[in-house]
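Biologist: I would like to go through the labels in this model one at a time. For each, tell me what stands behind it.

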Amino acid sequence: MSKKVYPMTLTAMLVALGVIGGSLFSFSIGVAKVAPMQHLINLVSGVLLGPWWAVAQAFLTSLIRNLMGTGTVLAFPGSMIGAFLSGWLFRLTGKLVAGLFGEMVGSGILGALVAYPVAAWLMGTTGAVWLFLPSFFMSAMVGALVGYVLLKSMWSTVIAPQLTKLRGK
């Protein structure tokens, strides 16, 4: 199998899960529409595919959800920063908990801080940046923790051998 076929296929599958799951499992808190499923998928893609494929997944999922009218522009900064940070920290340390931390900080805190000016500019939303932090962080925390439990439960039997095989070690 080509070195690009596997990550492209897995990315496409995760995008599809993100679009469907984000539409089925989302709720609004204030001006933000939060989707914990996206954070679960960000962690999975960051760990399994790395930071750049995770960013591609987050961007495509956000784009499709926005085109379908099931997401908001706030999904772009939140999901993309978290996906990158999750994949980058996992690659840097090799520890699943680092990927979890990356998603929670990247989407839950940094994404909220970046979403504020985006919301003010594109949505005309006014208010304090602190309105975004609780909703983004809760969504990121729930999704990333579920993703962590899912990955941890399959780590030794499925994921670690696959990562070793993919990296040629």
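Biologist: Why is glutamine 38 called buried?

Modeller: Its relative accessible area is 7%. Buried means under 20%, exposed over 50%, and partly exposed in between (1.4 Å probe, protein chains only). Since 7% is under the limit, glutamine 38 counts as buried. This is a predicted model, where local features need pLDDT of at least 70, side-chain atom pairs count only at pLDDT 80 or more, and totals for chains, interfaces and linings use all residues. Residues are numbered from 1 along each chain as its sequence is written, and side-chain values use heavy atoms, with hydrogens and water left out.

Biologist: Which residues does glutamine 38 contact, leaving aside neighbours within four places in sequence?

Modeller: Gly18, Gln57, Ala58, Thr61 and Ser79. Contact means heavy atoms within 4.5 Å. Glutamine 38 itself sits in helix α2.

Biologist: What makes α2 a mostly covered helix?

Modeller: Of its 14 residues, 13 are buried. Helices are DSSP runs of H or I with at least four residues, strands are runs of E with at least two, and both are numbered from the N terminus.

Biologist: How do you know that the span of α3 agrees with its residue count?

Modeller: At 1.5 Å a residue, its 18 residues should span 26 Å, and the end C-alpha atoms are 26 Å apart.

Biologist: Which residues of α3 are buried?

Modeller: Pro51, Ala54, Val55, Gln57, Ala58, Thr61, Ser62 and Arg65. Viewed down the axis of α3, the buried residues fall within an arc of 160°, so they line one face. The arc is that of the directions from the helix axis to the C-beta atoms. An α-helix has 3.6 residues a turn, so residues three or four places apart point the same way.

Biologist: What lies on the other side of α3?

Modeller: Trp52, Leu67 and Met68 are exposed there. Just after α3, glycine 69 has a positive phi of about 80°.

Biologist: Why is threonine 61 counted as buried?

Modeller: Its relative accessibility is 0%. That is under the limit, so threonine 61 is buried. Threonine 61 belongs to α3. Not counting residues up to four places away, its contacts are Leu14, Val15, Gly18, Val19 and Gln38.

Biologist: Where do the buried residues of α1 pack?

Modeller: Against α2 and α3. They are Pro7, Leu10, Thr11, Leu14, Val15, Gly18, Val19, Gly21 and Gly22. The 20 residues of α1 (residues 5–24) should span 28 Å, and the end C-alpha atoms are 28 Å apart.

Biologist: What makes isoleucine 64 partly exposed?

Modeller: Its relative accessibility is 33%. Isoleucine 64 lies in α3. Beyond four places in sequence, it touches Val15 and Val19.

Biologist: Which residues make the nonpolar surface patch?

Modeller: Phe59, Leu60, Leu63, Ile64, Leu67 and Met68, with about 530 Å². Nonpolar patches join side chains of Val, Leu, Ile, Met, Phe, Trp or Tyr within 5 Å (like charges are joined within 9 Å), each residue having over 30% relative accessible area and no salt bridge. A salt bridge is a side-chain nitrogen of Lys or Arg within 4 Å of a carboxyl oxygen of Asp or Glu. Areas come from the Shrake-Rupley method with a 1.4 Å probe; for residues, only the protein chains shown count as cover.

Biologist: How many helices and strands does the protein have?

Modeller: Six helices and two strands. Their order from the N terminus is α-β-β-α-α-α-α-α. Buried residues make up 47% of the 169.

Note on methods
Expected span 1.5 Å × (residues − 1).
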